[in-house]
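Student: I'd like to go through this one label by label. Can you tell me what stands behind each term?
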Amino acid sequence: MKQIFKISKVLLTFLLTAKLAFAQDSIVDANQTESFKLLIPELEVLIDSALANNGMLGYRKDEIEVKKANLKSKRRNWTRNFGIQADTRYGNFNNFSNNVSGNDVVTLASATTQTNYGVGLYLKIPVFDIFNRKSEIKQAKTEISQAENLVKFQEYEIRETVIRFYEDLILKEQLLEIQAINLSDAKVNMEMAKKEFTNGQIEIYEYIRISDITAGVATEFEKAKSNLLLAKKLLENYTGIQIN
């Protein structure tokens, strides 16, 4: 019986040592972090940067310019029915004339080499263009309005996403600070428990329980730190601003 008790005591001591090592390693890692406070820019600065760097928004704005150019083209389409026509003719020109005087007929003939020029204006009035022009211009204006509304919607979505990322980062930062305080308190409790166990003031089971609590707090601290880094990277990637 005594042999079994000794073996059990050795096993408990071994498990205790392993748990203490894990908890102490986690505590050391936590103490290596100097500060969890980030230098987060103002929300409006982040929004402006996201609007300026968003590729899809830039594409939508370019679409507006294309549609405006299309509208100008449709407004100028009437000029294709109006124009100037010119021609040039060069060569020999033969002229004949008859002069009748009584019973006599006199025929006169002449040949000249000359260049003739002609310039004129023309205006075509296609019926289809007259009735279709108003419809084409209205359609072009509607397409511009659609593109502008789509840009406004895109800007709204970008602002909303930045706000969500921003608030999430603030929350994760606060949660990490709380976990850091919890870890610091757990470290103090662990040191006290270690002294009390050494002095025989608490049983080994209580020592193991406190060790488990400390290890759990250290784990939650690491999770909170990972969540903060993820939230930071998401906001940086979306806005294009580096956060320190």
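Tutor: Let's begin with helices: these are DSSP runs of H or I with at least four residues, numbered from the N terminus, while strands are E runs of at least two. The model is predicted, so local features need pLDDT of at least 70 and side-chain atom pairs count only at pLDDT 80 or more, whereas totals for chains, interfaces and linings use all residues. Residues are numbered from 1 along each chain as its sequence is written, and side-chain values use heavy atoms, with hydrogens and water left out.

Student: Where does L150 sit, and why is it called partly exposed?

Tutor: L150 is in helix 4, residues 127–198. Buried means under 20% relative accessible area, exposed means over 50%, and partly exposed is in between, with a 1.4 Å probe and protein chains only. L150 has 32%, so it is partly exposed.

Student: What about E236, buried or exposed?

Tutor: E236 has a relative accessible area of 8%, which is under 20%, so it's buried. Its place is in helix 5, residues 204–239.

Student: What makes the E236–K232 pair a polar contact?

Tutor: A polar contact is a pair of N or O atoms within 3.5 Å; within protein, one must be able to donate a hydrogen and the other to accept it, and residues adjacent in sequence count only if both atoms are side-chain atoms. The side chains of E236 and K232 make theirs at 2.9 Å, within that limit. The E236 side chain also reaches the backbone nitrogen of I243 at 2.8 Å.

Student: Which residues does E236 contact beyond its neighbours within four places in sequence?

Tutor: I241, Q242 and I243. Contact here means heavy atoms within 4.5 Å.

Student: How do you know that helix 5 is close to its expected span?

Tutor: The expected span is 1.5 Å times one less than the number of residues. Helix 5 has 36 residues, and its 53 Å from first C-alpha to last is close to the expected 52 Å. Just after helix 5, G240 takes a positive phi of about 80 degrees.
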